[in-house]
Amino acid sequence: MTSSTIAAIATPAGRGGIGIVRISGPQSFSIGLRLFKPLSNFSTSTSYNRFPYKTHRVYFGHFHSYHQNAPIDEVLIVFMKSPRTYTREDVVEIHGHAGYQTLKSILKAVLDAGAVLAEPGEFTKRAYLNGRIDLTQAEAVIDLINARSDLSREIAFSQITGNLRKLISDIRKLLIDTMTHIQAEIDFPDEIPTSINRDMLFSEIYNQVVLPIQKLIKNHDQYYFLHEGIQAIIIGAPNVGKSSLMNCLSRKEKSIVTSYPGTTRDLIEEHVQFLGIPMVLTDTAGLHESKDPIETLGIDSALAKIQKADLVLFVLQAGHPLTQNELRISELISKKRVILVFNKIDLLTEYREIELPETLAGFESVHISALKNTGMDLLETTIENVISQKIESFHDSLLPNIRHKNLLDKSIISLFQLTEGLLSGIPTDLLVLDLNDAIIQLGQISGEDIHLDVLDQIFNDFCIGK
Ligand SMILES: Nc1nc2c(ncn2[C@@H]2O[C@H](COP(=O)(O)OP(=O)(O)OP(=O)(O)O)[C@@H](O)[C@H]2O)c(=O)[nH]1
Ligand SMILES: [Mg+2]
């Protein structure tokens, strides 16, 4: 597939200062040469028969259409000789004015001259297929593009530099070396001076393979929210001010607020950030026994969403004892991480202590008025504290994604069978099977051992031009 020359607009659609069309493949230099006419003193005639442009230099000129040979735009062009390029192929980048029509015309000229339109992620796919990066690094490119917070950007960038790849390939190499050794013992028992010491092998595999893999799985389970965002949900009885709180926290008029109970029917989501961590904040329908079928649907969605939430903001009316309904809600969330938000303090004429059920006694509480926007600083600090506690033990930046985590889970099963087999004296040739499974699963993480349909799935998540 890498014999074709691909091209795409590499910058986002819309008007802007500059936009880039990128070409990669064997024909990219000849296409660039045919369509680009240098301006200023630069003369191509001196280097007749030789390619006139130096690699990785910027040249100024006009870019022409293919059929009419008419100028389309004033551009800067860079010819980049393989292998020092993003794809490891010859690459040409044309920097034009970022109007859609202009970039489209430049792209059309390039396609007319023989390039084909790149699929989403095809440049990065080529970088992977040509061995410049492994799959974890290619996936990190998507994460970097999609990063919504400083921390997720940092993690993605560190993965682009290959830290996860290195760990996985070190572990895999150790397993391959072990396999070679065991295989040699099976095939040439007389020529291998010492048979394998099972206890030593057990401790080597346990410490250098099983423990690091378990740590990666734990990182995923505990910290993947850094990528996806913390799921925070605002719940409470009807009319307590949930939607008003949603609007205060997101600083937008996102949810409709009225004085009628039962205003919010659906789940309403908004992306916010705390401490550089993305948070998906969900406003919900007021929880209560409802006969209205539409409201009931909303309440059911809210109840389902509570199960998945990392943080619950339980809104109550300040100074009012909890209703039976609110006591029932308390039971639902007793196992969750909860902040009690006592709203409408502006209506209180004096401070009134209210009794809390045991299920809520251990949770932090904050008093606010969403209407007057008071107490929000304290609420935000309380949310930040919860998040800091959640991330405080995350020190390295190795954060496997869901695909990696599924493969790590599978490899751990094979490795447990292997380590158990080592201790219980299972014949050596059976150990090889588990070892081989683990090697294959780890190889799929880095992409050394992967099916083409999985590759397509991964790269389909990319945008065109990357
Ligand atoms: N006095 C006062 N009124 C408030 C406060 N917060 C919200 N309200 C009012 O309470 C009413 C209900 O507010 P919402 O934010 O719609 O309440 P909700 O919990 O989303 O209501 P539902 O979606 O119907 O369950 C509106 O009239 C708000 O203006 C507050 O801090 N003080
Ligand atoms: Mg509401």
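1. The residues of the shell around ligand 1 fall into 13 polar, seven nonpolar and three charged. Here Ala, Val, Leu, Ile, Met, Phe, Trp, Tyr, Cys and Pro count as nonpolar, Asp, Glu, Lys and Arg as charged, and the others, Gly among them, as polar. Gly241, Ser243, Thr264, Gly286 and Leu371 come nearest among the 23 residues around ligand 1; a residue is near a molecule if its C-beta atom, placed from the backbone, lies within 6 Å of it. With three residues, helix H9 (residues 242-250) gives the most to this shell.

2. This is a predicted model, in which local features need pLDDT of at least 70 and side-chain atom pairs count only at pLDDT 80 or more, while totals for chains, interfaces and linings use all residues. Residues are numbered from 1 along each chain as its sequence is written, and chains are lettered from A and ligands numbered from 1 in the order in which they are written.

3. The protein chain has 16 helices and 13 strands. Both are DSSP runs numbered from the N terminus: helices are H or I with at least four residues, strands E with at least two.

4. The radius of gyration of the protein chain is 30 Å, whereas a compact globule of 466 residues would have one near 23 Å. The value is taken over C-alpha atoms, and the globule rule is 2.2 Å times the number of residues to the power 0.38. Along the principal axes, the C-alpha atoms fill a box of roughly 90 × 75 × 40 Å.

5. The chain is divided into domain 1 (6-118), domain 2 (150-223 + 399-450) and domain 3 (227-391), with bounds from an automatic or database domain assignment. Between the C-alpha centres of domain 2 and domain 3 there are 44 Å. Five residues of domain 2 are in contact with five of domain 3 (C-beta atoms, placed from the backbone, within 7 Å). Helix H5 (residues 150-160) gives the most to the domain 2 side, with three residues. By class, that side has three nonpolar, one polar and one charged residues.

6. Strand E1 (residues 6-9) pairs with strand E2 (residues 16-24) in the antiparallel sense over four bridges; pairing requires that DSSP finds at least two bridges. Ile6 has Ser24 in E2 as its bridge partner. The two strands form a hairpin with six residues between them, and Gly14 in the turn has a positive phi of about 120 degrees.

7. E2 also pairs with strand E6 (residues 91-98), in the antiparallel sense over eight bridges. Here Gly16 stands opposite Ala98 in E6.

Methods. Contact = placed C-beta atoms within 7 Å.
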